[in-house]
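User: I have the coordinates open and want a quick tour. Let's go question by question.

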Amino acid sequence: MRIGVLGGTFDPIHNAHLFVAEDARVRLGLDTVLVVPNGVPPHKKEYTVTPAEDRLRMVELAVKGRAHLRAEPMEVYREGPSYTADTLRALRDEHPGGEIVFITGADAVAEIGTWHEPEQVVRLCRLVAVSRPGMGLNDLKDRVPPELFPFIEVHTAPEIGISATMIRERVREGLPVCYLTPDAVVRYIEEHKLYRA
Ligand code: ATP
Ligand code: MG
């Protein structure tokens, strides 16, 4: 078994997340990709994060009917801040002998020096970084501590300029977000009045 893991805040999940997961699945020969929304984000955010239950529900709606994608709720139900190292250890216990491929955008992995136990993270998984607008893979080398950089496998993929920040701002401004995120997520945002001023 080769298991992909895409972690994040997913506030909300959007089509670039889904594309990154699917592209990695096919190109890296993954059996499945787990989408893992964090509970309490370990890094302080500059905005109020939507309750984890709502973010998880949107992930579940987005992956519904997609055979190779699964919502993994373990971080939402774990006490305290969500650390990638803990999640990777739990997944390795669940899938002994499986290969865990942790997929991140280049912007996220650029921060790896600030993660909890980064030297454990790179040993617990195969770490794949995907290019993202505004964060070229060349910028990575300058941002990542030199002892961690050799562990990062770089993947170039079509860059998609969608972010959850953009979706929250567009909703607040009354602009459309359909085609940026699945219809079921658009409906959830409307029904639960998320991201209004
Ligand atoms: P926010 O704007 O709130 O930070 P986001 O769009 O960056 O949201 P996250 O939940 O922070 O979404 O990201 C989860 C993971 O998906 C991270 O590894 C991030 O780098 C990656 N990711 C998100 N959007 C893209 C994108 N457009 N292209 C490539 N990777 C992405
Ligand atoms: Mg982000």
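**Loops, ligand and cysteines**

User: Where is Y179 found, and is it buried or exposed?
Analyst: Y179 sits in the loop between α8 and α9 (183-191); helices are DSSP runs of H or I with at least four residues, strands are E runs of at least two, and both are numbered from the N terminus. Its phi is positive, about 75°, although Y179 is not a glycine. Buried means under 20% relative accessible area, exposed over 50%, partly exposed in between, with a 1.4 Å probe and protein chains only. At 70%, Y179 is therefore exposed.

User: What kind of model is this?
Analyst: Residues count from 1 along each chain as its sequence is written, chains are lettered from A and ligands numbered from 1 in the order written, and side-chain values use heavy atoms, leaving out hydrogens and water. Local features need pLDDT of at least 70, side-chain atom pairs count only at pLDDT 80 or more, totals for chains, interfaces and linings use all residues, and the model is predicted.

User: How many residues surround ligand 1?
Analyst: A residue belongs to the shell if one of its heavy atoms lies within 4 Å of the ligand. H14, D107, I160, A164 and T165 are the closest. By class, the shell holds 7 nonpolar, 10 polar and 4 charged residues; Ala, Val, Leu, Ile, Met, Phe, Trp, Tyr, Cys and Pro count as nonpolar, Asp, Glu, Lys and Arg as charged, the others, Gly among them, as polar. The number of residues around ligand 1 is 21.

User: How much of the accessible area of ligand 1 does the protein cover?
Analyst: Polar contacts are pairs of N or O atoms within 3.5 Å; within protein, one must be able to donate a hydrogen and the other to accept it, and residues adjacent in sequence count only if both atoms are side-chain atoms. On its own, ligand 1 has 600 Å² of accessible area (Shrake-Rupley, 1.4 Å probe). The protein covers 91%.

User: Which backbone nitrogen does the side chain of S163 reach?
Analyst: S163 lies in the loop between β6 (152-155) and α8. It counts as buried because its relative accessibility is 17%. Beyond four places in sequence, S163 is in contact (heavy atoms within 4.5 Å) with H14 and R132. At 3.0 Å, its side chain reaches the backbone nitrogen of M166.

User: Which residue's backbone nitrogen lies 2.7 Å from the side chain of D31?
Analyst: D31 is in the loop between α1 and β2. At 39% relative accessibility, it is partly exposed. Not counting residues up to four places away, D31 touches M1, R2 and H68. The backbone nitrogen at 2.7 Å belongs to R2.

User: Which backbone oxygen does the side chain of T32 reach?
Analyst: T32 is in strand β2 (residues 32-37). Its relative accessibility is 11%, so T32 counts as buried. The backbone oxygen lies at 3.3 Å and belongs to H68.

User: How many disulfides are there?
Analyst: The test is a pair of cysteine sulfur atoms within 2.5 Å. C125 is buried at 12% relative accessible area, and C178 is partly exposed at 34%. The disulfide count is 0.
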